[in-house]
Amino acid sequence: MMSVLKINGGKRLSGEVSVHGAKNSALPVLAATLAAGGKCEIHNCPRLSDVEAAGAILSYLGCRTGWSDGVFSVDSSDVSRCEIPDELMREMRSSIAFLGAMLTRCECVKLSMPGGCELGPRPIDLHIDALGRMGARVEERDGCIIFRRGGRLRGCRVPLSFPSVGATENIMTAASTAKGTTVITNAAREPEISDLADFLNSCGARIGGAGGSTVVIEGVERLHGCIHSVIPDRIEAATYMAAAAITGGSVLLKNVIAEHVMPVVPSFEEMGCVISFCGSDIKIEAPQRLHAVRYIRTMPYPGFPTDAQAIVMACTCRADGSSVFAETIFDSRFRHTAELARMGARIKTDGRIAVVEGVSRLCGAPVAATDLRGAAALVTAGLAAEGTTTVSQLRHLDRGYQDIETALAGLGADIKRTDG
Ligand code: EPZ
């Protein structure tokens with residue numbers, strides 16, 4: 001029996017909530033533990049199905065992994081395999097994140113082609129081009145992609161045509177033990193890139209400029225294990241902010257890095273929320289009814305994050321006025337709109353543009369999650385809808401949120417996970 005979330009909406013959220021470690025930092029860091037060739041302890045690692053999937057891949061490759069007292073340990077001293085089979089690749093779209101690290105340990109790496117996902121095709125041409133420049137020869141055969149290192153990878157200039165997060169991460173990791181220096185230009189600037197660089201530097205790498213558009217990696221002979229703590233999850237923080245906003249609530253978020261959340265603050269302020277910062281805490285106080293947001297365009301960091309698009313859109317469904325969203329990062333990231341419409345939302349989409357006409361009330365309904373952030377959007381809308389909302393297909397939600405229903409219930413929401 002598949003579990004569902006049952007939400008009786010209309011409760012104003014208030015209180016404190018602590019943010020977990022970032023999924024999109026934990027995953028590339030876990031992949032990079034493969035490059036360490038020793039024992040790593042990853043603190044503040046969130047307990048998510050995507051993290052379990054990454055652990056399964058690490059174990060399959062020969063690492064010893066395990067949890068103890070909330071710390072995820074990986075010992076990658078012995079790598080016994082250099083391929084990731086289809087069933088493990090399909091478990092987690094971002095398993096391409098293992099490529100760079102595997103190339104630091106294996107002469108030949110074989111992956112099954114990462115399929116698309118709910119957000120549309122997920123090409124890896126930037127990864128292939130970059131690693132090709134560093135000397136890896138690439139062959140595609142029978143639905144697999146094979147990278148042959150041909151001796152040690154060599155440092156070089158890698159200009160990215162798009163600041164891809166995953167490609168930047170793969171290049172940084174592969175270049176950490178390449179011969180010579182690698183310079184990535186037009187690199188992704190997301191905070192998770194800086195966190196990965198911090199992890200790799202703790203393992204003995206020499207990476208400078210991470211978080212900016214030009215990252216310089218001076219290859220070293222080998223890396224070693226380390227202890228690292230994952231940065232807080234800025235998208236989980238935005239999700240709790242949306243929950244407070246849509247319910248007219250007042251919530252204090254703890255363990256947040258304000259700078260990382262800054263890209264979404266103007267949108268919440270335009271909706272009428274008052275946001276204040278104190279150290280690693282963020283306070284959000286929402287009006288009874290939100291105003292619309294004139295125009296939100298998703299952009300690479302430090303622009304408005306694509307991962308917050310669905311959850312902020314949920315807030316605008318019951319706002320006073322119309323809001324326009326332009327999704328510039330992914331091909332199809334509006335799949336949550338059909339489910340929101342079942343709750344009475346009025347949304348028109350045309351390609352990468354969505355127009356939300358705010359309505360005065362949303363009605364609870366049975367809805368099905370379509371992807372990770374779309375699932376969070378349905379939960380957000382359910383918190384403010386009149387009546388009961390039942391959210392199914394929770395596997396999407398569990399990829400990126402640890403115990404979200406516990407956190408929301410702690411803020412006063414009437415939400416529980418039950419068998420469908
Ligand atoms: C990371 O995905 C995140 N995932 C995504 O979060 C996030 O939405 C995305 O970055 C953008 O911020 C993880 O970190 C695990 P990209 P990634 O490479 O690395 C195109 C979530 O909800 N592209 O920056 O795959 C690609 O198709 C997830 O937590 C190419 O064309 O993102 C997309 O349109 C979803 N060729 C755009 O670039 C390539 O070789 C951004 O992709 C690579 C990417």
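**The ligand site and its surroundings**

Author: A polar backbone atom of V165 is 2.8 Å from an oxygen atom of the ligand, a polar contact (a pair of N or O atoms within 3.5 Å; within protein, one must be able to donate a hydrogen and the other to accept it, and residues adjacent in sequence count only if both atoms are side-chain atoms). The model is predicted, so local features need pLDDT of at least 70 and side-chain atom pairs count only at pLDDT 80 or more, while totals for chains, interfaces and linings use all residues. Residues are numbered from 1 along each chain as its sequence is written, and side-chain values use heavy atoms, with hydrogens and water left out.

G166 also has a backbone N or O atom 2.8 Å from an oxygen atom of the ligand. In R333 the side chain takes part, with an N or O atom 3.1 Å from a ligand oxygen. On its own the ligand has 830 Å² of accessible area, and the protein covers 87% of that (Shrake-Rupley method, 1.4 Å probe).

The shell around the ligand holds 22 residues, of which D125, L126, S164, D307 and I329 come nearest (a residue is near if one of its heavy atoms lies within 4 Å). By class, the shell has nine nonpolar, six polar and seven charged residues (nonpolar: Ala, Val, Leu, Ile, Met, Phe, Trp, Tyr, Cys and Pro; charged: Asp, Glu, Lys and Arg; polar: the others, Gly among them). At least two shell residues come from each of α1 (23-36), α5 (125-133), α6 (165-175) and α13 (372-384); helices (H or I, at least four residues) and strands (E, at least two) are DSSP runs numbered from the N terminus. The most, three residues, come from α5.

Now the cores. The largest nonpolar core has 73 residues, and F98 and F199 have the most contacts inside it (a core is a set of buried Ala, Val, Leu, Ile, Met, Phe, Trp, Tyr and Cys residues joined through side-chain atoms within 4.5 Å). Its largest share, nine residues, is supplied by α1. Neighbours within four places in sequence aside, F199 is in contact with V29, A32, T33, C40, I42, C226 and H228 (contact: heavy atoms within 4.5 Å). Another core, of 71 residues, lies apart from this one and includes I235, A242, V312 and V356.

S76 sits in the loop between β5 (71-75) and β6 (83-84) and is buried, with a relative accessible area of 0% (buried: under 20%; exposed: over 50%; partly exposed: in between; 1.4 Å probe, protein chains only). Beyond four places in sequence, the contacts of S76 are T33, L34, A36, G37, G38, C63 and R105.

Last, the backbone. Most residues other than glycine have a negative phi, and most peptide bonds are trans. From Y301 to P302 the peptide bond is cis, with omega near 10 degrees; P302 lies in the loop between β18 (295-297) and α11 (309-316). Q393, not a glycine, has a positive phi of about 60 degrees. Q393 belongs to the loop between β23 (388-392) and α14 (395-398) and is partly exposed, at 30% relative accessible area. D403 has a positive phi near 50 degrees, lies in the loop between α14 and α15 (404-410), and is partly exposed, at 46%.
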